[in-house]
Amino acid sequence: MAKFRVLSLDGGGSWALIQVMALIDLYSPNTTGHQVLRDFDLAAANSGGSIVLGGLVEDMPLSELLAFFLSLPKRQSIFKERPIHVPGVGKYLTEQKLIGLKAALPNRGSMLLPNAAADIFSSSTGEPVHLLIIGFDYDRRSARFFRSAPASAPEWGDGDSAQVQLVEAIHASTNAPVEFFDKPAQFPSEPGKRYWDGAISGCNNPVLAGVAEAVVLGQPPTSIAALSLGTGSVCCPQLPAGVAPSALFAPAGNPGLLHDVKEISAAIIDDPPDAASFLAHVLTGGCPSVPDSPSLSNPVDSRIVRMSPLVSPVRDESGNWALPTGLDEKAFASIANLAMDAVAQSEVVQIQNLAELWLQDEVRNQPVRMNSKLYAELGQDLYSQAKSTWLAVR
(Lines give C-alpha, C1' and ligand atoms only; values in the text may rest on other atoms or scores of the structure.)
Protein backbone atom coordinates (compact mmCIF):
# COMPACT_ATOMS: atom_id res chain seq x y z
CA MET A 1 0.00 0.00 0.00
CA ALA A 2 1.03 3.55 -0.68
CA LYS A 3 2.09 5.56 2.36
CA PHE A 4 0.99 8.98 1.13
CA ARG A 5 -2.26 9.46 -0.79
CA VAL A 6 -3.13 12.48 -2.92
CA LEU A 7 -6.60 13.48 -4.11
CA SER A 8 -6.45 15.68 -7.21
CA LEU A 9 -9.52 17.54 -8.51
CA ASP A 10 -9.47 19.14 -11.97
CA GLY A 11 -11.05 22.40 -12.98
CA GLY A 12 -14.09 22.43 -15.22
CA GLY A 13 -16.96 24.52 -13.87
CA SER A 14 -20.20 22.57 -13.62
CA TRP A 15 -18.44 19.59 -15.18
CA ALA A 16 -16.97 19.02 -11.70
CA LEU A 17 -20.21 17.20 -10.86
CA ILE A 18 -18.47 14.23 -12.58
CA GLN A 19 -15.98 14.16 -9.69
CA VAL A 20 -18.77 14.03 -7.14
CA MET A 21 -20.48 11.18 -9.01
CA ALA A 22 -17.19 9.26 -9.03
CA LEU A 23 -16.75 9.80 -5.29
CA ILE A 24 -20.31 8.59 -4.70
CA ASP A 25 -19.49 5.42 -6.64
CA LEU A 26 -16.27 4.94 -4.67
CA TYR A 27 -17.97 5.61 -1.33
CA SER A 28 -21.74 6.17 -0.97
CA PRO A 29 -24.23 9.04 -1.31
CA ASN A 30 -24.32 9.45 2.47
CA THR A 31 -20.55 9.57 2.94
CA THR A 32 -19.55 12.98 4.25
CA GLY A 33 -16.76 15.19 2.98
CA HIS A 34 -14.56 14.66 6.02
CA GLN A 35 -14.91 10.89 5.69
CA VAL A 36 -13.61 11.15 2.13
CA LEU A 37 -10.76 13.50 3.02
CA ARG A 38 -9.57 11.26 5.86
CA ASP A 39 -8.68 8.67 3.21
CA PHE A 40 -6.07 11.10 1.86
CA ASP A 41 -3.04 12.96 3.14
CA LEU A 42 -3.15 15.81 0.62
CA ALA A 43 -5.91 17.26 -1.56
CA ALA A 44 -5.03 19.49 -4.53
CA ALA A 45 -7.71 21.31 -6.49
CA ASN A 46 -8.25 23.85 -9.21
CA SER A 47 -11.31 25.86 -10.30
CA GLY A 48 -14.44 23.68 -10.35
CA GLY A 49 -12.52 21.03 -8.44
CA SER A 50 -11.82 23.58 -5.71
CA ILE A 51 -15.59 23.98 -5.29
CA VAL A 52 -15.81 20.21 -4.81
CA LEU A 53 -12.96 20.41 -2.29
CA GLY A 54 -14.78 23.23 -0.50
CA GLY A 55 -17.84 21.01 -0.21
CA LEU A 56 -15.71 18.21 1.23
CA VAL A 57 -14.12 20.56 3.78
CA GLU A 58 -17.61 21.85 4.60
CA ASP A 59 -18.41 18.18 5.42
CA MET A 60 -21.37 17.98 3.06
CA PRO A 61 -22.74 14.49 2.37
CA LEU A 62 -21.79 13.62 -1.19
CA SER A 63 -25.45 13.53 -2.19
CA GLU A 64 -25.85 17.13 -1.00
CA LEU A 65 -22.73 18.20 -2.85
CA LEU A 66 -24.04 16.64 -6.06
CA ALA A 67 -27.40 18.35 -5.53
CA PHE A 68 -25.57 21.69 -5.42
CA PHE A 69 -24.13 21.14 -8.89
CA LEU A 70 -27.48 19.89 -10.21
CA SER A 71 -29.41 22.92 -8.90
CA LEU A 72 -29.87 25.67 -11.48
CA PRO A 73 -30.37 28.46 -8.88
CA LYS A 74 -27.20 27.42 -7.04
CA ARG A 75 -25.17 27.27 -10.25
CA GLN A 76 -26.49 30.70 -11.20
CA SER A 77 -25.45 32.05 -7.78
CA ILE A 78 -21.84 31.46 -8.90
CA PHE A 79 -22.22 31.94 -12.65
CA LYS A 80 -24.19 35.20 -12.54
CA GLU A 81 -24.44 36.62 -16.06
CA ARG A 82 -23.65 40.23 -16.84
CA PRO A 83 -26.71 42.22 -17.98
CA ILE A 84 -24.95 42.85 -21.32
CA HIS A 85 -22.46 40.36 -22.69
CA VAL A 86 -19.56 41.98 -24.51
CA PRO A 87 -17.31 39.42 -26.29
CA GLY A 88 -13.84 39.29 -24.76
CA VAL A 89 -14.95 40.95 -21.51
CA GLY A 90 -16.41 37.91 -19.79
CA LYS A 91 -20.06 37.05 -19.40
CA TYR A 92 -20.14 36.37 -15.64
CA LEU A 93 -19.81 38.74 -12.69
CA THR A 94 -16.69 38.04 -10.65
CA GLU A 95 -17.91 39.81 -7.51
CA GLN A 96 -21.17 37.85 -7.51
CA LYS A 97 -19.21 34.59 -7.57
CA LEU A 98 -17.65 35.33 -4.18
CA ILE A 99 -21.10 36.02 -2.73
CA GLY A 100 -22.40 32.74 -4.14
CA LEU A 101 -19.46 30.77 -2.79
CA LYS A 102 -19.94 32.22 0.70
CA ALA A 103 -23.59 31.17 0.64
CA ALA A 104 -22.63 27.66 -0.48
CA LEU A 105 -20.07 27.18 2.33
CA PRO A 106 -21.67 28.83 5.38
CA ASN A 107 -19.79 26.85 8.05
CA ARG A 108 -16.17 26.69 6.91
CA GLY A 109 -16.00 29.08 3.99
CA SER A 110 -15.14 32.07 6.18
CA MET A 111 -12.45 30.17 8.12
CA LEU A 112 -8.80 30.80 7.33
CA LEU A 113 -7.50 27.99 5.15
CA PRO A 114 -5.19 26.51 7.85
CA ASN A 115 -8.06 26.44 10.35
CA ALA A 116 -10.55 24.96 7.88
CA ALA A 117 -8.51 21.74 7.65
CA ALA A 118 -7.09 21.64 11.18
CA ASP A 119 -9.50 19.00 12.49
CA ILE A 120 -9.65 16.78 9.39
CA PHE A 121 -7.09 14.09 10.17
CA SER A 122 -5.64 11.62 7.69
CA SER A 123 -6.48 8.05 8.69
CA SER A 124 -2.94 6.94 7.83
CA THR A 125 -0.77 9.68 9.39
CA GLY A 126 -3.05 11.21 11.99
CA GLU A 127 -2.01 14.64 10.69
CA PRO A 128 -4.40 17.26 9.26
CA VAL A 129 -5.04 16.75 5.55
CA HIS A 130 -2.87 19.19 3.57
CA LEU A 131 -4.97 21.39 1.27
CA LEU A 132 -3.56 22.94 -1.90
CA ILE A 133 -5.78 25.26 -3.96
CA ILE A 134 -4.22 26.75 -7.07
CA GLY A 135 -4.66 30.22 -8.55
CA PHE A 136 -2.75 32.62 -10.78
CA ASP A 137 -1.43 35.97 -9.55
CA TYR A 138 -2.69 38.42 -12.18
CA ASP A 139 -0.15 41.17 -11.47
CA ARG A 140 2.93 39.05 -10.85
CA ARG A 141 1.96 36.69 -13.68
CA SER A 142 2.87 33.62 -11.67
CA ALA A 143 1.24 30.63 -10.02
CA ARG A 144 -0.15 31.06 -6.52
CA PHE A 145 -0.44 28.02 -4.25
CA PHE A 146 -2.93 28.55 -1.43
CA ARG A 147 -1.77 26.08 1.25
CA SER A 148 -3.36 25.06 4.54
CA ALA A 149 0.09 24.39 6.02
CA PRO A 150 3.68 25.32 5.14
CA ALA A 151 5.63 23.25 2.63
CA SER A 152 9.22 24.32 3.21
CA ALA A 153 12.67 22.76 3.20
CA PRO A 154 16.22 24.05 2.71
CA GLU A 155 16.41 22.50 -0.75
CA TRP A 156 12.97 23.75 -1.81
CA GLY A 157 12.64 27.20 -0.23
CA ASP A 158 9.67 28.60 1.67
CA GLY A 159 6.14 27.60 0.88
CA ASP A 160 4.03 29.47 3.41
CA SER A 161 0.50 28.65 4.45
CA ALA A 162 -2.11 31.04 3.03
CA GLN A 163 -3.74 33.38 5.51
CA VAL A 164 -6.88 33.72 3.43
CA GLN A 165 -10.35 32.34 3.90
CA LEU A 166 -11.20 28.99 2.33
CA VAL A 167 -13.84 30.70 0.19
CA GLU A 168 -11.34 33.34 -0.95
CA ALA A 169 -8.86 30.74 -2.15
CA ILE A 170 -11.68 29.04 -4.07
CA HIS A 171 -12.73 32.40 -5.51
CA ALA A 172 -9.22 32.99 -6.87
CA SER A 173 -8.96 29.47 -8.26
CA THR A 174 -12.31 29.59 -10.09
CA ASN A 175 -11.83 32.85 -11.96
CA ALA A 176 -11.46 31.72 -15.58
CA PRO A 177 -10.69 34.81 -17.72
CA VAL A 178 -11.48 36.21 -21.19
CA GLU A 179 -14.66 34.39 -22.18
CA PHE A 180 -15.87 33.69 -18.66
CA PHE A 181 -15.45 36.13 -15.74
CA ASP A 182 -15.33 39.88 -16.26
CA LYS A 183 -12.32 40.80 -14.10
CA PRO A 184 -9.69 39.29 -11.81
CA ALA A 185 -10.81 38.03 -8.41
CA GLN A 186 -10.17 40.18 -5.32
CA PHE A 187 -10.99 39.66 -1.66
CA PRO A 188 -10.55 41.38 1.74
CA SER A 189 -7.79 39.16 3.16
CA GLU A 190 -5.32 40.32 0.50
CA PRO A 191 -6.21 43.90 -0.47
CA GLY A 192 -4.69 44.92 -3.77
CA LYS A 193 -4.07 41.34 -4.90
CA ARG A 194 -5.80 40.09 -8.04
CA TYR A 195 -6.20 36.53 -9.29
CA TRP A 196 -7.17 34.46 -12.28
CA ASP A 197 -8.03 30.78 -12.46
CA GLY A 198 -5.27 28.31 -11.59
CA ALA A 199 -5.54 26.88 -15.11
CA ILE A 200 -3.46 29.88 -16.24
CA SER A 201 -0.69 28.38 -14.09
CA GLY A 202 -0.84 25.21 -16.20
CA CYS A 203 -2.57 23.38 -13.37
CA ASN A 204 -6.11 22.75 -14.59
CA ASN A 205 -5.23 19.15 -13.80
CA PRO A 206 -3.41 19.75 -10.48
CA VAL A 207 -2.10 16.22 -9.97
CA LEU A 208 1.49 17.15 -10.84
CA ALA A 209 1.36 20.10 -8.44
CA GLY A 210 -0.08 17.82 -5.76
CA VAL A 211 2.61 15.18 -6.21
CA ALA A 212 5.36 17.84 -6.21
CA GLU A 213 3.90 19.28 -3.00
CA ALA A 214 4.04 15.82 -1.42
CA VAL A 215 7.74 15.53 -2.33
CA VAL A 216 8.42 18.97 -0.83
CA LEU A 217 6.66 17.79 2.33
CA GLY A 218 9.31 15.08 2.60
CA GLN A 219 7.57 12.10 1.04
CA PRO A 220 9.70 9.70 -1.03
CA PRO A 221 8.31 9.79 -4.58
CA THR A 222 7.76 6.03 -4.67
CA SER A 223 5.56 6.23 -1.56
CA ILE A 224 3.04 8.53 -3.25
CA ALA A 225 -0.21 7.44 -4.90
CA ALA A 226 -2.68 9.86 -6.46
CA LEU A 227 -6.33 9.62 -7.42
CA SER A 228 -6.79 12.17 -10.19
CA LEU A 229 -10.46 13.01 -10.84
CA GLY A 230 -11.11 14.89 -14.07
CA THR A 231 -14.07 16.67 -15.58
CA GLY A 232 -14.14 15.06 -19.01
CA SER A 233 -12.02 15.53 -22.13
CA VAL A 234 -12.72 15.44 -25.86
CA CYS A 235 -10.15 13.61 -27.96
CA CYS A 236 -10.96 13.09 -31.62
CA PRO A 237 -8.61 12.20 -34.49
CA GLN A 238 -7.95 14.75 -37.22
CA LEU A 239 -10.22 14.50 -40.23
CA PRO A 240 -8.42 12.36 -42.86
CA ALA A 241 -8.20 13.59 -46.43
CA GLY A 242 -11.12 12.46 -48.54
CA VAL A 243 -13.33 11.60 -45.56
CA ALA A 244 -16.64 13.41 -45.11
CA PRO A 245 -16.75 15.63 -42.00
CA SER A 246 -18.51 14.14 -38.99
CA ALA A 247 -18.64 14.49 -35.23
CA LEU A 248 -16.02 11.75 -34.91
CA PHE A 249 -13.22 13.93 -36.27
CA ALA A 250 -11.66 17.19 -35.16
CA PRO A 251 -12.14 19.78 -37.91
CA ALA A 252 -9.28 22.02 -38.98
CA GLY A 253 -9.58 25.54 -37.59
CA ASN A 254 -9.26 28.78 -39.53
CA PRO A 255 -6.30 30.72 -38.08
CA GLY A 256 -6.94 34.33 -37.20
CA LEU A 257 -7.07 36.65 -34.20
CA LEU A 258 -10.60 35.82 -33.01
CA HIS A 259 -10.21 32.09 -33.62
CA ASP A 260 -6.80 31.95 -31.97
CA VAL A 261 -7.92 33.89 -28.87
CA LYS A 262 -10.74 31.39 -28.42
CA GLU A 263 -8.32 28.51 -28.95
CA ILE A 264 -5.94 29.87 -26.32
CA SER A 265 -8.73 30.47 -23.78
CA ALA A 266 -9.93 26.89 -24.35
CA ALA A 267 -6.45 25.37 -24.23
CA ILE A 268 -5.66 26.74 -20.76
CA ILE A 269 -8.53 24.76 -19.27
CA ASP A 270 -7.74 21.56 -21.13
CA ASP A 271 -5.64 18.58 -20.10
CA PRO A 272 -4.09 16.59 -22.94
CA PRO A 273 -4.07 12.94 -21.85
CA ASP A 274 -0.30 12.63 -21.49
CA ALA A 275 0.53 15.94 -19.82
CA ALA A 276 0.10 16.36 -16.04
CA SER A 277 -0.91 12.77 -15.30
CA PHE A 278 2.03 11.28 -17.21
CA LEU A 279 4.51 13.74 -15.67
CA ALA A 280 3.22 12.82 -12.21
CA HIS A 281 3.65 9.16 -13.15
CA VAL A 282 7.30 9.83 -14.04
CA LEU A 283 7.89 11.90 -10.88
CA THR A 284 6.60 9.10 -8.64
CA GLY A 285 8.98 6.58 -10.16
CA GLY A 286 6.69 4.97 -12.71
CA CYS A 287 6.55 1.45 -11.30
CA PRO A 288 3.89 0.55 -8.70
CA SER A 289 4.78 -0.22 -5.12
CA VAL A 290 1.99 -2.77 -4.77
CA PRO A 291 1.87 -6.31 -6.17
CA ASP A 292 -0.29 -7.07 -9.17
CA SER A 293 -3.75 -8.28 -8.26
CA PRO A 294 -5.39 -11.15 -10.19
CA SER A 295 -8.75 -9.39 -9.72
CA LEU A 296 -7.72 -6.48 -11.95
CA SER A 297 -8.62 -6.35 -15.63
CA ASN A 298 -5.33 -4.55 -16.32
CA PRO A 299 -2.05 -4.71 -14.40
CA VAL A 300 -1.41 -1.93 -11.94
CA ASP A 301 0.99 0.07 -14.09
CA SER A 302 1.01 3.35 -12.18
CA ARG A 303 0.28 4.79 -8.77
CA ILE A 304 -1.29 7.72 -10.60
CA VAL A 305 -4.87 6.62 -11.20
CA ARG A 306 -6.74 8.84 -13.64
CA MET A 307 -10.55 8.83 -13.62
CA SER A 308 -12.24 11.07 -16.18
CA PRO A 309 -14.68 10.48 -19.05
CA LEU A 310 -13.15 10.57 -22.52
CA VAL A 311 -15.44 11.72 -25.33
CA SER A 312 -13.69 9.89 -28.11
CA PRO A 313 -14.48 7.56 -31.02
CA VAL A 314 -13.40 3.93 -30.87
CA ARG A 315 -12.08 1.49 -33.46
CA ASP A 316 -14.61 -1.00 -34.81
CA GLU A 317 -13.79 -4.54 -35.93
CA SER A 318 -12.68 -3.23 -39.31
CA GLY A 319 -10.32 -0.72 -37.75
CA ASN A 320 -12.50 2.26 -38.66
CA TRP A 321 -13.51 5.01 -36.26
CA ALA A 322 -16.96 4.49 -34.75
CA LEU A 323 -19.19 5.95 -32.06
CA PRO A 324 -18.83 4.64 -28.50
CA THR A 325 -21.67 2.32 -27.57
CA GLY A 326 -23.17 4.77 -25.10
CA LEU A 327 -23.66 7.75 -27.44
CA ASP A 328 -25.43 8.23 -30.76
CA GLU A 329 -24.07 10.76 -33.26
CA LYS A 330 -26.29 13.61 -32.08
CA ALA A 331 -25.44 13.07 -28.40
CA PHE A 332 -21.73 12.65 -29.20
CA ALA A 333 -21.60 15.89 -31.18
CA SER A 334 -23.55 17.76 -28.51
CA ILE A 335 -21.39 16.74 -25.57
CA ALA A 336 -18.17 17.17 -27.57
CA ASN A 337 -19.08 20.79 -28.29
CA LEU A 338 -20.50 21.67 -24.88
CA ALA A 339 -18.75 24.65 -23.27
CA MET A 340 -16.90 24.46 -19.95
CA ASP A 341 -19.31 26.98 -18.41
CA ALA A 342 -22.36 24.76 -18.73
CA VAL A 343 -25.08 26.41 -16.65
CA ALA A 344 -28.36 25.66 -18.43
CA GLN A 345 -30.23 22.68 -17.03
CA SER A 346 -30.26 20.86 -20.38
CA GLU A 347 -26.46 21.15 -20.57
CA VAL A 348 -25.91 19.86 -17.05
CA VAL A 349 -28.23 16.92 -17.74
CA GLN A 350 -25.96 16.02 -20.67
CA ILE A 351 -22.92 16.07 -18.37
CA GLN A 352 -24.72 13.93 -15.81
CA ASN A 353 -25.70 11.43 -18.52
CA LEU A 354 -22.10 11.29 -19.76
CA ALA A 355 -20.89 10.56 -16.24
CA GLU A 356 -23.45 7.78 -15.81
CA LEU A 357 -22.37 6.16 -19.09
CA TRP A 358 -18.72 6.45 -18.05
CA LEU A 359 -19.38 4.84 -14.66
CA GLN A 360 -21.05 1.96 -16.54
CA ASP A 361 -18.09 1.57 -18.95
CA GLU A 362 -20.23 2.70 -21.91
CA VAL A 363 -17.94 5.70 -22.44
CA ARG A 364 -14.18 5.30 -22.17
CA ASN A 365 -11.96 6.50 -19.36
CA GLN A 366 -9.05 8.89 -19.96
CA PRO A 367 -5.86 6.94 -19.25
CA VAL A 368 -2.60 8.34 -17.95
CA ARG A 369 -1.13 8.16 -21.45
CA MET A 370 -2.59 7.18 -24.82
CA ASN A 371 -1.03 6.00 -28.05
CA SER A 372 -1.79 7.36 -31.52
CA LYS A 373 -4.81 5.04 -31.77
CA LEU A 374 -6.26 6.72 -28.64
CA TYR A 375 -5.90 3.65 -26.43
CA ALA A 376 -4.10 3.34 -23.10
CA GLU A 377 -0.36 2.88 -22.89
CA LEU A 378 -0.50 3.70 -19.17
CA GLY A 379 -3.57 3.68 -17.01
CA GLN A 380 -6.99 2.32 -17.77
CA ASP A 381 -9.39 2.56 -20.72
CA LEU A 382 -12.44 1.85 -18.56
CA TYR A 383 -13.68 3.36 -15.31
CA SER A 384 -14.19 -0.06 -13.68
CA GLN A 385 -10.53 -0.86 -14.32
CA ALA A 386 -9.43 2.47 -12.84
CA LYS A 387 -11.63 1.88 -9.79
CA SER A 388 -10.16 -1.59 -9.20
CA THR A 389 -6.66 -0.19 -9.60
CA TRP A 390 -7.23 2.60 -7.08
CA LEU A 391 -8.71 0.22 -4.52
CA ALA A 392 -5.60 -1.95 -4.88
CA VAL A 393 -3.11 0.94 -4.83
CA ARG A 394 -4.50 2.91 -1.91
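Among contacts in the protein chain between residues at least 6 apart in sequence, what percentage join residues at least 24 apart? The figure is 70%, where a contact means heavy atoms within 4.5 Å.

## The model and its chain

This is a predicted model, in which local features need pLDDT of at least 70 and side-chain atom pairs count only at pLDDT 80 or more, while totals for chains, interfaces and linings use all residues. Residues are numbered from 1 along each chain as its sequence is written, and side-chain values use heavy atoms, with hydrogens and water left out.

The protein chain has 14 helices and 13 strands. These are DSSP runs numbered from the N terminus (helices are H or I with at least four residues, strands are E with at least two). Of the chain's 394 residues, 53% count as buried. Buried stands for under 20% relative accessible area, exposed for over 50%, and partly exposed for what lies in between, using a 1.4 Å probe and protein chains only.

Let's start inside. Helix 9 is mostly covered, with eight of its 10 residues buried. Those buried residues are Val207, Ala209, Gly210, Val211, Glu213, Ala214, Val215 and Val216. After helix 9 comes Gly218, which has a positive phi near 100°.

Helix 11 (residues 276–283) has Ala276, Ser277, Phe278, Ala280 and His281 buried. Among the elements covering these residues are helix 9 (207–216), strand 6 (224–229), strand 8 (304–307), strand 12 (369–370) and strand 13 (376–378). Leu279 also lies in helix 11, but Leu279 is partly exposed, at a relative accessible area of 44%. The C-alpha atoms of Leu279 and Arg369 are 9.8 Å apart, although 90 residues separate the two along the chain. Just after helix 11, Gly285 has a positive phi of about 100°.

## Aromatic pairs and charges over rings

How many aromatic pairs does a search of the whole structure find? There are 10. Rings of Phe, Tyr and Trp (its six-membered ring) pair if their centres lie within 6.5 Å; planes under 30 degrees apart are stacked, over 60 edge-to-face, and the rest tilted. Tyr138 and Trp196 make an edge-to-face pair, because their ring centres are 4.9 Å apart and their planes stand at 80°. Tyr138 is in the loop between strand 3 (130–137) and strand 4 (142–147) and Trp196 is in strand 5 (residues 195–197), so this pair ties together parts 58 residues apart in sequence. Both partners are partly exposed: Tyr138 has a relative accessible area of 29%, and Trp196 one of 24%.

Elsewhere, Phe79, Tyr92 and Phe181 form one aromatic cluster. The charged end of Lys97 sits over the ring of Phe181, 4.9 Å from its centre. A charge sits over a ring if NZ of Lys or CZ of Arg is within 6 Å of the ring centre and within 35 degrees of the ring normal. Arg315 has its charged end over the ring of Trp321, 3.9 Å from the ring centre.

## Cavities and a pocket

Rolling a probe the size of a water molecule over the atoms shows where empty space is left. On a 1 Å grid over the protein atoms alone, a cavity is a set of points where a 1.4 Å probe fits but cannot get out, and a pocket is an open set with protein on both sides within 12 Å along at least five of seven lines; lining residues have an atom within 4 Å of a point. Grid points are joined across faces, edges and corners, and a volume is the space filled by probe spheres set on the points.

The whole structure holds three cavities of 30 Å³ or more, and the largest cavity has about 80 Å³ of space. Its lining includes Phe79, Lys97 and Phe181, along with Gly13, Ser47 and Met340. By class, the lining of the largest cavity has seven nonpolar, four polar and one charged residue. Here Ala, Val, Leu, Ile, Met, Phe, Trp, Tyr, Cys and Pro count as nonpolar, Asp, Glu, Lys and Arg as charged, and the others, Gly among them, as polar.

The second largest pocket has a volume of about 260 Å³. Of its 15 lining residues, Asp41, Glu127, Pro128, Val129 and His130 are the closest to its centre. Eight nonpolar, five polar and two charged residues make up the lining of this pocket.

## Two loop residues with positive phi

Asp59 sits in the loop between helix 3 (48–57) and helix 4 (62–70). Its phi is positive, near 70°, in a residue other than glycine, and Asp59 is partly exposed at 29% relative accessibility. Arg141, in the loop between strand 3 and strand 4, has a positive phi near 55°. At 70% relative accessibility, Arg141 counts as exposed.
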